[in-house]
Amino acid sequence: MRARGHDAPERRLVASGPSVYCEDMEPVNATSRPAWAKVVDQTRCIGCHACTTACKSENEVPLSVTRTYVKYVDTGVFPEVRRSFQVTRCNQCAEPPCVEACPTAAMFRRSDGIVDFDKSVCIGCKACIAACPYDAIFINPDDRSAEKCNFCAHRLDIGLEPACVVVCPTEALLVGDLNDPSSKVARIANRDPVAVRRPEKETLPKLYYKGADQVTLDPLAAQRPGGGLFMWSEQGDVDHGVPAGHPGPWNSSAAAVLSYDIPHRAPWDFRVSLYTWTKSIAAGAYLVPLLLLLAGTIEPAGPIWTWAAPVLAGLFLALTGAVLVWDLEHPARFHLILRRPQWRSWLVRGGFIIGGYGAVLAAHFTAALAGASPPPWLGWPGGCLAVLTAVYTAFLFGQAKGRDMWQNPLLPVHFLVQAGVAGGGATTLAALAFGAPPAVTDAALLVFAVSSAAHALMIAAEVLMPPPTAHARLAEREMTHGRFSRWFALGVLGALLGAAAPWLGWTVVPLGLVALLAYEHAYVQAGQSVPLS
């Protein structure tokens, strides 16, 4: 191989009859579609950052974000130290979780295998960022849309190589067609020992590392420097998710320290925590009165079923929708979820579930306004949609494949239990406000207590059961002993006091509802606290 500097001519893909060839390379069979892949030869990388600057220039990437960057890890104890590099970017997965999670198909996989994006239909929900196990997607601060490396698809389409490949002075970066056995990329990927990042996620990455060091491939292998002091950068004011290095122990027996990195931020902030809470109340405020109605505790024409259920559920469902829109980077585009839905996304499915649930609540409330008792059959679709409203977020979190703590098969049940806590508390307060008979208040308080006890037991099971992965264990530790431990402790205290509500009285209900919000915040934020790159 010959090294190419910044002034070297670009190699161009040239068509000639039935074949395509690349100048200074062998002819390529053009009878099949290309399957673009990239090889990063870390034995050649010198950490010069030429790929980063070329990418920024070619794609007009603003400051503070990068499509590609070079990560540094120093291993050993002075004077016996070595430095390892890793060129970090989108992995161009064959099974991309970002595409599955995107509600408007703004993220999509082309027929040639490139995972590309369409900013014109991005709503800025950050579901793709949460779904990516490699932390390769970011929100562009200029246009507020999701962005990442796309192999410079606009250049490949006209026969040019990506900008990073052109400027690399040591030919550490190669792009080629896996379907062409004569291409350098295919020869290396099919013959030489290569590695991919996080193969356990089963995304089938098309970014192959040759000669990479495990301390760079594994995001937990090296500790982070204290105070956010990296080589050539100070990031002390950036929340990397872990204070002064992750809680450890690191997945390396060597003395490995991350010496250069870029800022990493959790995509979903307190608004997603708030959304899970308002949604629990919206679902539970209808489910619990429905349960009391089926048990014969309340009358179909009584105020709890006629007024409290649709009003409370509808109010908090509206708040849920408002919080979801508030969290979007492009709130004016929220209608695209309904106009051009990508049905594999649980954000889309959840949007239609919430819409259907809202329609039932509106029909219930309209019947009450008309002076007629809501038809009993309305409770069946309302109840089913309320259950779906409570649990669909578990599947939405499940699409965040990089967040191991959220990959819990009991999470749908736990969200349903939390809806019982929220609905039991809301119905208790509504019964007191409407002056309902003591039997109604006691029954709602009993549902609150039983749900709180189940909530406490499920928290205990999640904490005491051995976590399935190191990522899940570190996230759980951050929730119980780290930055979110106070929120978690308040959540557990509220669940325990709620379980004793029949003896302590309704006064513990407001604390139980606030504590539920605290637990939701600890769970959502801690789940995003473990480094992915």
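These entries record what I looked up in a predicted model.

**Conventions.** I number residues from 1 along each chain as its sequence is written, and I leave hydrogens and water out, side-chain values using heavy atoms.

Entry 1: I looked up the strand order and found 4 strands in an open sheet, β11-β4-β13-β12, with mixed pairing. I took strands (E, at least two residues) and helices (H or I, at least four) as DSSP runs numbered from the N terminus. Two strands count as paired if DSSP finds at least two bridges between them. The edges are β11 and β12, each of which pairs on one side only. I then examined β4 and β11, which run antiparallel and are joined by 5 bridges. Within this pair, Val-40 has Leu-173 of β11 as its bridge partner.

**Entry 2: helix α6 on the sheet.** I noted that α6 packs on the sheet and touches β4, β11, β12 and β13. Contact here means heavy atoms within 4.5 Å. The direction of α6 makes about 95° with that of β11. For such angles, axes are lines fitted to C-alpha atoms, for helices over the stretch in contact, and the values run from 0 to 180 degrees between N-to-C directions. Which residues of α6 (184-191) are buried? I found Lys-184, Val-185, Ala-186, Ile-188 and Ala-189. I use buried for under 20% relative accessible area, exposed for over 50% and partly exposed for in between (1.4 Å probe, protein chains only). The cover over these residues includes β4 (36-41), β11 (173-177), β12 (194-195) and β13 (207-210).

Entry 3: Tyr-72 stands opposite Phe-85 of β6. I also recorded a salt bridge between the side chains of Asp-74 and Arg-83, at 2.7 Å from N to O. The term requires a side-chain nitrogen of Lys or Arg within 4 Å of a carboxyl oxygen of Asp or Glu. Asp-74 counts as buried because its relative accessibility is 18%, whereas Arg-83, at 38%, counts as partly exposed.

**Entry 4: further salt bridges.** I next looked up Arg-271, whose salt bridge with Asp-269 brings the closest N and O atoms to 2.7 Å. Arg-271 is buried at 15% relative accessible area, and Asp-269 is partly exposed at 26% relative accessibility. I traced these two residues into a network of salt bridges that links Lys-126, Arg-144, Asp-269, Arg-271, Asp-327 and Glu-329.

**Entry 5: Ser-451.** I located Ser-451 in helix α14, residues 438-464. Is Ser-451 buried or exposed? Its relative accessibility is 13%, so Ser-451 counts as buried. Leaving aside residues up to four places away in sequence, I found Ser-451 touching Val-417, Gly-420 and Val-421.

Note on methods. This is a predicted model: local features need pLDDT of at least 70, side-chain atom pairs count only at pLDDT 80 or more; totals for chains, interfaces and linings use all residues.
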